[in-house]
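Morning, everyone. Please bring up the structure.

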Amino acid sequence: MNRAFVREEDEDLLNQRYDEAYVKKRSEWLRIQRKKLAFLTSDPKAEEIDPKTRERWIEQTREDIERTQEELRRLGALE
């Protein structure tokens, strides 16, 4: 077999593995952010956080969740 084809196949396989690892990493990040948002919005312990700080964190977390979901949709990993 021609070495050019082997290199191209190896490169495609590496790209596929990178893509899969990236999607897994971003999916895990989304899970963590959702858990963080749930804590900030419903856990009684979160009420101990300064209200302005808590609201800022909630807003930032929601924005991050939206960005991550959109990214995963573009990658075809989220419906």
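Start with Thr61. Its relative accessibility is 1%, so Thr61 counts as buried. Buried here means under 20% relative accessible area, exposed means over 50%, and partly exposed lies in between, with a 1.4 Å probe and protein chains only.

A word on the source. This is a predicted model: local features need pLDDT of at least 70, side-chain atom pairs count only at pLDDT 80 or more, and totals for chains, interfaces and linings use all residues. Residues are numbered from 1 along each chain as its sequence is written, and side-chain values use heavy atoms, with hydrogens and water left out.

Where does Thr61 sit? Thr61 is in helix α2. Helices are DSSP runs of H or I, at least four residues; strands are runs of E, at least two; numbering goes from the N terminus.

Now its partners. Set aside neighbours within four places in sequence, and Thr61 contacts Gln33, Lys36, Leu37 and Leu40. Contact means heavy atoms within 4.5 Å.

Next, Asp64. Helix α2 covers residues 51-74, and Asp64 is in it. Asp64 is at 11% relative accessibility, so it counts as buried. Not counting residues up to four places away in sequence, Asp64 touches Trp29 and Gln33.

Now the whole chain. The protein chain has two helices and zero strands. Of its 79 residues, 22% are buried. Take contacts between residues at least 6 apart in sequence: 57% join residues at least 24 apart.

That's the tour. Comments, please.
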